[in-house]
Amino acid sequence: MALFRNLARAVVIAAAAGAAVTLTAAAVYAVGKGIVAAPADLETVINNLRSWLIGLLVALATLCLTIGGLRYLLAAGDPGEVNKAKETLKYAAIGYGIAALAPGLVEILKRIVGA
């Protein structure tokens, strides 16, 4: 159990470090290029939102899938741990499903706001 906790902590720390590096690099790139966040119209904003939403959902679902797989491998036959791993894998599948439906949800949003 202690091995799993240490491994889970390492995964979370690595994910946080990767996110920090990615966000910092994106900010430095934007500042260096003089990019101004002024989209031309509402449709551009909604399309950008869709892209970010899908990327975020897929990243979180992949993280859940990885953690669930590791939990399943490290369960060592313990029924409680196996059930927790299966729940985590279920949540990952739900995340992938929502990410797949995100473009449709954004289209509904476009129709609501009239873009």
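This is a predicted model: local features need pLDDT of at least 70, side-chain atom pairs count only at pLDDT 80 or more; totals for chains, interfaces and linings use all residues.
L70 is found in helix α2. With a relative accessible area of 25%, L70 is partly exposed. Follow the chain 15 residues from L70 and you get to A85, yet the two C-alpha atoms are 8.0 Å apart in space.

**The overall layout**

What does the secondary structure of the protein come to? You'll count 3 helices and 0 strands, and reading along the sequence gives the pattern α-α-α. The protein has 115 residues, and 16% of them count as buried.

**How α2 and α3 sit together**

Helix α2 covers residues 42-74, and α3 covers 79-113. Their axes are 7 Å apart, and the two helices pack at an angle of about 170 degrees. An angle over 145 degrees counts as roughly antiparallel, so that is the label for α2 and α3. Sort the residues in this contact by class and you get 24 nonpolar, 6 polar and 8 charged ones.

Another pair to look for is E43 and V113. In sequence they are 70 residues apart, while their C-alpha atoms are 9.9 Å apart in space. E43 lies in helix α2 and is partly exposed, with 38% relative accessible area.

**The loop in between**

Now look at A76, which is found in the loop between α2 and α3. Its phi angle is near 55 degrees, a positive value in a residue that isn't glycine. Is A76 buried or exposed? Its relative accessible area is 76%, so A76 counts as exposed.

How many salt bridges does a search of the whole structure find? The answer is 1. Side chains of opposite charge can pair when their charged atoms come close. Here the side chains of K84 and E81 meet, with 3.8 Å from N to O. These two residues are 3 apart in helix α3, so about one helical turn separates them.

| Residue | Relative accessible area | Class |
|---|---|---|
| L70 | 25% | partly exposed |
| E43 | 38% | partly exposed |
| A76 | 76% | exposed |
| L42 | 45% | partly exposed |

**The nonpolar patch**

A nonpolar patch of about 830 Å² is made by L42, V45, L49, L101, L105, I108, L109, I112 and V113. Which helices each supply at least two residues of this patch? Both α2 and α3 do, and the largest share, 6 residues, comes from α3.

Take L42 as an example of a patch member. L42 lies in helix α2, and its relative accessibility of 45% makes it partly exposed.

Conventions:
Residues are numbered from 1 along each chain as its sequence is written. Side-chain values use heavy atoms; hydrogens and water are left out. Patches are made of residues with over 30% relative accessible area and no salt bridge: like charges are joined within 9 Å, nonpolar side chains (Val, Leu, Ile, Met, Phe, Trp, Tyr) within 5 Å. Accessible areas come from the Shrake-Rupley method with a 1.4 Å probe; for residues, only the protein chains shown count as cover. A salt bridge is a side-chain nitrogen of Lys or Arg within 4 Å of a carboxyl oxygen of Asp or Glu. Helices (H or I, at least four residues) and strands (E, at least two) are DSSP runs, numbered from the N terminus. Buried means under 20% relative accessible area, exposed over 50%, partly exposed in between (1.4 Å probe, protein chains only). Axes are lines fitted to C-alpha atoms, for helices over the stretch in contact, and angles run from 0 to 180 degrees between N-to-C directions. Angles under 35 degrees count as roughly parallel, over 145 as roughly antiparallel, 65 to 115 as roughly perpendicular and the rest as oblique. Ala, Val, Leu, Ile, Met, Phe, Trp, Tyr, Cys and Pro count as nonpolar, Asp, Glu, Lys and Arg as charged, and the others, Gly among them, as polar.
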